[in-house]
Amino acid sequence: MKMKLSELLCITVLVSSGSGSPYERRSPAVKEKRVQYAAWDDVNVLAHGLLQLGQSLKEHVDKTKGQIRDISVKLRVFNGSVDELTALTRRLHVESEALKERAGSLEEKHNRILNMSDLLLRDRQSVQDRIGDLEGKVDIIMQTHGHALNNNNQSDARAIQSLLETQNRRIDELVERIKQQQEKLDKQNIRIRALQNQIQMRKEKLHPSTRRTEQQDTPTATAANCHDLFLRGETTSGVYMLQPRDSSPIHVYCLMTSDAGWTIIQRRHDGSVDFDQLWNEYQNGFGNLDGEFWLGLEKMYRVTKDEDFILKIQMTDWRNELQSVQYRIRLNGEHSNYSLQILESSDGNLESSLSTESSSLPFSTRDRDNDRKHDFNCAKHLSGGWWFSNCGRSNLNGRYFITPPKQRHQRKQGMFWKTWHGRYYSLKSTVMMILPVR
């Protein structure tokens with residue numbers, strides 16, 4: 001019959017406590033033997049302590065086993081992740097090699113197009129030389145024998161004239177072919193830059209330590225605007241430092257598309273920046289280039305002072321519908337209050353809401369009234385700074401309203417474009433960007 005552990009421990013304690021020494025002390029008066037027993041409470045305490053110790057050891061063992069199982073599972077997961085990463089690395093390497101081969105193929109096509117363009121140019125020059133010789137011969141014939149031309153000579157002259165017309169048509173065809181080849185060449189250059197950028201991104205994924213540093217901290221000596229950076233191969237949108245001619249370096253936000261590099265001069269989308277600013281702020285710029293901002297009139301002038309630019313305005317309403325408009329413009333300096341001169345009418349989905357009545361429109365703020373409305377400050381009445389004419393057509397630097405106010409005179413202070421939803425509709429977002437005309 002099996003005994004419980006507690007019973008065995010109790011018997012052991014009792015036996016140990018009841019067995020005295022063979023040589024017990026005897027009092028001088030009494031010589032009889034005394035048997036000593038341990039207290040039952042002490043036995044219970046000792047047994048309880050041993051049971052608790054055993055239970056703790058068991059729990060510790062179970063906990064350790066659980067931890068070992070968790071570690072084993074994590075090791076298996078880690079090994080799986082390592083295998084997946086290895087496979088991904090191999091796949092990225094294969095894709096990178098494929099992109100390199102594709103880029104090489106495009107570069108060969110690029111070189112062939114260049115060679116073809118050279119041949120066409122030489123052919124064109126040869127045809128022009130031949131036409132020049134024929135024209136010289138015709139002039140000699142007309143000068144020396146014009147008075148004695150008979151019907152046969154006139155027929156020869158007509159044949160020569162027909163030949164000249166044919167050669168002219170041939171030249172026109174060659175010029176058109178050259179234009180087409182140049183367009184193909186430009187597209188191939190864009191594709192090559194895109195592939196090179198993909199290869200660079202693949203390399204950065206494989207080797208993060210080789211990630212290239214952006215142009216943010218070092219001014220680019222030859223980059224006066226974002227399109228110059230695009231032509232040099234930059235394809236990533238972000239903050240860059242430019243170096244306009246005869247100017248100190250400036251930070252701008254560049255929006256790189258598939259075919260151009262746009263310099264952002266204004267962006268609004270959440271109302272986090274107050275655009276109801278004074279002249280100095282509009283002149284020097286305010287806000288955050290990674291969020292809402294106004295680049296600054298002086299910086300805009302530095303970027304645009306050497307050539308004409310395209311001004312593109314993109315607007316979004318609260319239904320997330322997008323509209324845009326474009327102008328060919330020239331921005332003058334501080335001496336003319338940064339007047340905006342529109343050289344060509346609007347190009348886009350919307351009718352213009354920028355005045356084209358005068359040759360140039362100066363910029364106005366509530367502390368510098370330069371608008372065309374006499375005895376009335378449009379910037380103070382509508383809020384924000386803008387190229388105002390008579391206050392009513394546009395103001396993309398007005399107040400940002402998520403919920404339009406009920407009062408009519410307050411709704412006028414929002415950011416609006418009159419030909420899209422009217423002057424009482426406050427837009428959700430606007431982006432203004434510029435690109436050189438070349």
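User: Which residues does S360 touch, not counting residues up to four places away in sequence?
Analyst: In this predicted model, S360 lies in the loop between strand 8 (340-348) and helix 7 (378-382). Leaving out residues up to four places away in sequence, its contacts are N332, S339, L340, Q341 and R372.

User: Is S360 buried or exposed?
Analyst: A residue counts as buried under 20% relative accessible area. The value for S360 is 19%, so S360 is buried.

User: Why is strand 6 described as largely enclosed by the rest of the structure?
Analyst: Strand 6 covers residues 309-316, eight residues in total. The description holds because the number of these that are buried is seven.

User: Which residue of strand 7 is the bridge partner of K312?
Analyst: Strand 6 runs antiparallel to strand 7 (residues 322-331), and eight bridges join them. In the hairpin they form, five residues sit between the strands, and N320 there takes a positive phi near 65°. Across the pairing, K312 has as its partner Q326.

User: Which residue in strand 11 stands opposite Q314?
Analyst: Strand 6 is also joined to strand 11 (residues 429-436) by eight bridges, and the two run antiparallel. Within strand 11, the residue opposite Q314 is V431.

User: Within what arc do the buried residues of helix 6 fall, seen down its axis?
Analyst: In helix 6 (residues 297-304), the buried residues are L297, M300, V303 and T304. They line one face of the helix, because seen down the axis they fall within an arc of 125°.

Terms used:
Residues numbered from 1 in each chain as written. Predicted model: local features only at pLDDT ≥ 70, side-chain atom pairs only at ≥ 80, totals over all residues. Heavy atoms only, no water. Helix = DSSP H or I, 4+ residues; strand = E, 2+ residues; numbered from the N terminus. Buried < 20%, exposed > 50% of the residue type's maximum accessible area, 1.4 Å probe, protein only. Contact = heavy atoms within 4.5 Å. Pairing = 2+ DSSP bridges. Arc of directions from axis to C-beta.
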